[in-house]
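Keep the structure in view while reading.

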Amino acid sequence: MNLASLKQALLILAVFGFSLSSCKKDDNSYDVPETYSFENVSYSGQTDRLDMLGELAAYAKSASAVSATALDASSMKDMFSNANEPFSLAELNASTKQLKSKTVASEQTVLENLMDALALASLYTDSTASSGQAGIMQTNDGASSYLLNANGLELAQVIEKGIMGACFYYQATAVYMGSGKMDVDNETVVEGEGTEMEHHWDEAFGYFGVPTDYPSNINGIRFWGKYADGSRETYLSTGTNLMNALIEGRAAISAQDLDERDAQIAIAREQWELVLAGASVHYLNKAIANFSEDAAVLHHALSEAYAFVYGLQFGGQQSLNTTEIDAILVQIGNNADPLQANLYNSSSANLQAAKTALVNAFPALASVQDQL
């Protein structure tokens with residue numbers, strides 16, 4: 001072999017080697033990429049909805065400062081239903097997508113009532129929050145402040161996490177991974193969208209809120225991507241496990257391996273639910289640690305914990321039934337109705353009981369429950 005032929009042979013080997021390193025071989029003899037890199041992927045509607053919640057949540061939190069401008073409930077409801085051009089981004093106003101129509105029907109009015117309550121609380125940003133008085137509560141170091149209703153709940157957090165649970169989590173795990181969206185055509189390829197089944201799976205991925213090369217790239221992670229990461233990724237590997245399930249499930253669909261697809265649906269649902277449970281315990285730990293230390297941190301953490309536990313009822317897999325979820329909500333906020341919950345009546349013992357109930361329901365939390 002002359003020198004030119006040797007160089008050509010080495011180049012071919014290098015390219016072949018790179019191809020092998022960028023994907024892995026599934027046991028069923030098809031390649032599974034390392035990232036969410038497939039042909040004909042489209043989830044622009046999900047990206048629109050994530051952007052919509054981004055603007056809605058930012059507006060809802062804009063009243064979390066002393067003397068902040070009062071909020072308009074109609075503006076929040078317009079963002080929820082994409083009516084009357086409520087967004088700063090023109091492309092969102094022009095979008096045919098909206099959050100409300102994809103939210104669990106029973107929760108649409110609940111969320112709009114929370115928006116009314118938040119707007120009402122925002123009339124009191126000149127007041128200091130206390131039991132029976134809506135207003136602003138600042139952390140001991142003055143670095144953060146939160147708008148609380150008269151019962152000490154940070155409604156902006158409940159609205160944001162409520163939509164994450166009743167819309168994004170519900171749509172991804174209960175709807176798009178459910179039989180209605182998975183028992184469909186997987187033969188006819190539409191340019192830019194793949195088969196109907198592939199497209200539905202991609203739409204579920206779109207609600208995760210991560211780049212296609214997560215977790216090696218965490219730039220831009222948001223909503224569920226953000227909460228699958230952090231301490232949940234460190235101690236439970238939820239971000240990696242959920243991403244792997246979404247990639248392997250998509251590869252299985254493209255290879256017509258529906259048994260493997262179903263196996264990955266089970267993993268994705270389990271891991272996504274664990275994100276909610278892990279985030280709940282994370283904020284309960286924070287609340288317990290600050291119970292007698294920093295009231296603002298306590299109320300912020302309890303509001304987050306309450307909202308994540310509330311979301312557990314909307315998944316495609318439910319390790320806790322509604323009665324059990326309500327019991328934990330009562331332990332955290334004395335009422336399973338967020339508009340009636342009163343965080344001023346919470347006790348450290350009840351918060352510990354709520355944490356124990358979650359750990360008992362999710363055994364994966366047991367060994368790391370105090371580190372989350």
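## Two loop residues

Q313 lies in the loop between α13 and α14 (322–333). The model is a predicted one. Is Q313 buried or exposed? Its relative accessibility is 19%, and buried means under 20%, so Q313 counts as buried. Leaving aside residues up to four places away in sequence, Q313 touches Q318 and I325.

S292 sits in another stretch of chain, the loop between α12 (258–289) and α13 (295–311). The cut-off for exposed is over 50% relative accessible area. S292 has 67%, and therefore it is exposed. Along the chain, S292 and S348 are 56 residues apart, and their C-alpha atoms are separated by 9.2 Å.

| Residue | Relative accessible area | Class |
|---|---|---|
| Q313 | 19% | buried |
| S292 | 67% | exposed |

## A strand pair

Strand β3 (residues 135–138) and β4 run antiparallel, and 4 bridges join them. Which residue of β4 is the bridge partner of I136? The partner is L147.

L147 also belongs to the description of how β4 (residues 145–148) is covered. On one side of this strand are S145 and L147, on the other Y146 and L148. These four residues are all buried, and both faces of β4 are covered.

The hairpin of β3 and β4 has 6 residues between the strands. In this hairpin, G142 takes a positive phi near 75°.

## The whole protein

The protein has 15 helices and 4 strands. Its C-alpha atoms fill a box of roughly 85 × 50 × 45 Å, taken along the principal axes.

How does the radius of gyration relate to that of a compact globule? For 372 residues, a compact globule would have a radius of gyration near 21 Å. The protein has 23 Å, which agrees.

Of the 372 residues, 52% are buried. Among contacts with a separation of 6 or more, 67% are between residues 24 or more positions apart.

The accessible surface of the protein comes to about 15,600 Å². Carbon and sulfur atoms hold 49% of this surface.

The protein carries 19 positive and 45 negative charges.

Conventions
Residues are numbered from 1 along each chain as its sequence is written. This is a predicted model: local features need pLDDT of at least 70, side-chain atom pairs count only at pLDDT 80 or more; totals for chains, interfaces and linings use all residues. Side-chain values use heavy atoms; hydrogens and water are left out. Buried means under 20% relative accessible area, exposed over 50%, partly exposed in between (1.4 Å probe, protein chains only). Two strands pair if DSSP finds at least two bridges between them. The radius of gyration is taken over C-alpha atoms; the globule rule is 2.2 Å times the number of residues to the power 0.38. Contact means heavy atoms within 4.5 Å. Accessible areas come from the Shrake-Rupley method with a 1.4 Å probe; for residues, only the protein chains shown count as cover. Lys and Arg count as positive and Asp and Glu as negative; His and the chain ends are not counted. The place of a charge is taken as NZ of Lys, CZ of Arg, CG of Asp or CD of Glu.
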